[in-house]
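Subject: Handover of a structure

Dear colleague,

Please find the structure below, together with the sequence. My notes on it follow.

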Amino acid sequence: MKKEVLLKDAPGTRVLALGNEAIARGAIEAGVQLVTGYPGTPSTEIMETLIEAAPHLGFTAYWSVNEKVAFDVVTGASFSGVRSMVVMKHVGLNVAADSLQQLKLIDIAGGLVVVSVDDPSGVSSNNEQDNRWYAKFAGLPAIEPTDLNDAREMTKRAFEISEELQMPIILRSVTRLGHMTGDLELGTLEPKREEPYFDSSREWTPFPCLEPERRLKEKFHRSGEVLERYQFDRYEGTGGEKIGIVGAGFAFNYALEAVDTLGLRDKVARLKISTVNPLPSKIIHRLLSHVNHVLVVEDVTPFLEEAIKAEAQEIQRPICIYGRKSGALPEVGETILDDVVGALADIVQREYPEMAVPKEVLPSTERAEQAEAVKKLIPRRQIGFCAGCSHRATYYAFIKALQNVGIEDPIILGDIGCYALGFYPPFSILQTMTSMGASVGTASALAQLHPDRKVIAFIGDSTFYHAGMPGLLQIGHQQTPVLVIVMDNSVTGSTGQQPHPGTWQLADGQMVVPIEDIAQSYKIPYVKVVRSLQVKRLIKELEEALTLDVPAVVISRQACALEPGERWRKRTIVGKIDLTKCDGCLVCVEEFGCPAFIAAEEEGKIAIDPVLCNGCASCRVVCPQGAIYFERLEQ
Amino acid sequence: MGSQDSLNLIIAGVGGQGSLFASQVIAQAAIQEGFSVRIAETYGVTQRGGPVYSQVRIGHHVYGPLIPRGRCDLILGLEPIETLRRAADYLAPGGSVAINIRANVPLETRLGRQPDLSFETIREELGRLEVGELLAVDARAMAERAGGAGSMNVFMIGTLFSFDIFPLSYDSVEKALRTVTRPRFLEGNLLSLAKGREYAVSIKAGPDG
């Protein structure tokens, strides 16, 4: 167990933990019985922690095929009176939204917590959507923690809140909290083990929906006072300040640090708002009753700023509200402390024109310019696939096959996963990437609209199970001549090698559902499985597949190089370069780009780093001079 | 600004150098001494050889995990190019740097496709960024003398004790090392920590100061 401390029944102990681990601990303390989700940075660690803890504490935790299935799974738990939690990143809630919008209309029996870890700035995502809007959209209660102890406590309490209201509750977090390590104080373990019971005499459906919609509104109106009891929000001030700063959830840390950076605790009242929905009007009014200016700090849209503006309107005090909407803070991207300091300093000057804000504490443009000048001198480091990665071998083989067959103007679609690095050098081959599994469906339309161009869709194995299957089914049904290349590394790789229905390592009683079987059942006439590292053979296979006029699926399969069983410690050979044959042409670096290729002692030539080399031998065919060879490793 | 009560520390290096481990050890020691701690790491495409850095904030009152630009008191530089990359954005005027002089030179640079960045240039640029104390170490050579090349990161942690602004005691860090290190690396790590401190303290006490 990575963190035995998270299982401890020792309230008050201070431990080092990730924000995501704090949420997991909160669920453990609440006696959760069923947890599921789909891997997604920055939420993955919550599930990983719970999956490890589950057998020790007697609850169930497993990965689902996608977030909609995950949500439907916990729906079953909520019908059965047991506590459950579903975990996802922000775009995961898009996938689960249909189920969320239906379940909200049913009086659930077991507490259900929906965890959405958003990704401001899209650090590991294709967008930076603000899932607090889902709470408002669905009319559901939602809360957002500020620090680790908040995360643990609020997750724990969320279950009883959900049960009192008989509604799912959304717990919103963000990357900087999820991936932050900090000190966490453990709370009490309050195991609540209900026997599952499903009442078949009830109709667990919102249809016909008018009465359920009315009931939902009524419960939502009550939820404000229920949430208020828990005091997740906090007002800090004397009642005399002219300026107020509001921090939503995690963003409160920036608000507080900005105030302290400027040394303005006596002039700026502070409000921590962790109740996302419904708006905690009472405590907000407490601030609005005495200030002339309010700066709202939040990630990543003016969700709270707009609501506070409406509240200020209601009490009819002339207050200036600042934030992302007013232009005081940037409209996009995660909150940056310097921006908050700058905005707050401006407001302070407005209210107290005679006050001098010390220059040293303000962000300096000179320093920023200096930083840019220095960074220009610093060499870039290329990011790419790991040594031994099957995706490198597949892309290399694909490009060779395209050249050999003479296909000049292909349309090449990509999808979400490590293989998305195919956008970058040395391959730079992908042309599109949108949502999970979209490559397949989009490819079918492109093939229909551009019948004179060859259309190829790349998709990962986990992505295929998650969302690619319906698209491939449509291709099979319509018999559209698309070539789908499945990048099958047997795990959900980019999020840290989690299992999926194609993973070869089985838990008791489980079955592998191979992608080739699915493709065949979808009436795809040409389905082949090839080992990615056998590059010569893969080139031939792809040449054949590229000339077809029917739908085709080629599965390029090789376990992820980072899979514990596959780590380079298991290698039996190591690559070497014969410097007498190497002529410094650099084709290996430019067309293959393995990080194990390093500069040789002899200038202009290439060597293989014996520490980095994975022993996969997929580079065997790469050198035009045949300078790459392999040696057995001493055991 | 850092003091015995608070510290903004960045650990900069490339993937595989053990910067994550170093931040865990330091944070564990800080908790033991009753401090509050925040670590921010960039979990992304940070595989072996790619740039990695941890932001570690220690104090009795800490906020979010991100160190504001220009407010880093101390940089633990496991790799010199990455040290300059972070110092550019984060080093506070008068901030201190402990830097391993052995660079992990990108292939593009070795092949002459990118301008080189010598350690002398790095030292000059750090000077322009108003670095205060600068401790330059050939950590690989030093660690080899101690517990083997693999404990270079721990050797570098040892050098931090020679900086006044580093608020943690040797005992706490050693204790934390015992908690976090896997048994077969423990002896080597403990030796590296001791040698790191010994080396740094002797450099600072010497005639050159």
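Does A:Q316 count as buried or exposed, and how many C-beta neighbours does A:Q316 have inside 10 Å? Please bear in mind throughout that this is a predicted model. A:Q316 counts as exposed because it has 7 C-beta neighbours inside 10 Å, and the cut-off for an exposed residue is 12 or fewer. The residue sits in the loop between α11 (303-315) and β14 of chain A.

A:S490 is buried, because 23 other C-beta atoms lie within 10 Å and burial requires 20 or more.

Two cis peptide bonds may also interest you. One joins A:F207 and A:P208, with omega about -10°; A:P208 is in the loop between β8 and α8 (210-228) of chain A. Another joins A:P425 and A:P426, with omega about 5°. A:P426 is in the loop between β15 (411-413) and α15 (438-449) of chain A.

Domains and cores

Chain A is divided into domain 1 (4-228), domain 2 (234-373), domain 3 (390-565) and domain 4 (567-632). Between the C-alpha centres of domain 2 and domain 4 of chain A, the separation is 55 Å.

The largest nonpolar core has 179 residues, and A:V246 and A:A255 have the most contacts inside it. Its largest share, eight residues, is supplied by α12(A). Domain 1 (4-228) and domain 2 (234-373) of chain A each give this core at least three residues. Leaving aside residues up to four places away in sequence, A:A255 touches A:I245, A:V246, A:G247, A:R270, A:V297 and A:V340. A second, separate core of 85 residues includes A:L413, A:A467, A:A519 and A:V622. In soluble globular proteins, nonpolar side chains tend to be buried together.

The helix α12(A)

The buried residues of α12(A) include A:L337, A:V340, A:V341 and A:A343, and also A:L344, A:A345, A:I347 and A:V348. Among the elements that cover them are β10 (243-248), α9, β13 (293-297) and β14 (320-322) of chain A. At 1.5 Å a residue, the 15 residues of α12(A) should span 21 Å, and this agrees with its end C-alpha atoms, which are 21 Å apart.

The contact between the chains

Chain A contributes 39 residues to the contact and chain B contributes 40 residues. On the side of chain A that touches chain B, at least two residues come from each of β1 (14-18), β8 (180-185), α9 (252-261), α12 (337-351), α13 (365-375) and β21 (597-599). The largest share of that side, five residues, belongs to α13(A). By residue class, the side of chain A that touches chain B has 21 nonpolar, nine polar and nine charged residues.

Strands also pair across this contact. β8(A) pairs with strand β2 (residues 36-41) of chain B in the antiparallel sense, over three bridges. Within β2(B), B:I39 is the bridge partner of A:T181.

With kind regards

Note on methods. Residues numbered from 1 in each chain as written. Chains lettered and ligands numbered in written order. Predicted model: local features only at pLDDT ≥ 70, side-chain atom pairs only at ≥ 80, totals over all residues. Contact = placed C-beta atoms within 7 Å. Helix = DSSP H or I, 4+ residues; strand = E, 2+ residues; numbered from the N terminus. Nonpolar A, V, L, I, M, F, W, Y, C, P; charged D, E, K, R; others polar. Pairing = 2+ DSSP bridges. Domains from an automatic or database assignment. Core = buried A, V, L, I, M, F, W, Y, C linked by C-beta atoms within 7 Å. Expected span 1.5 Å × (residues − 1).
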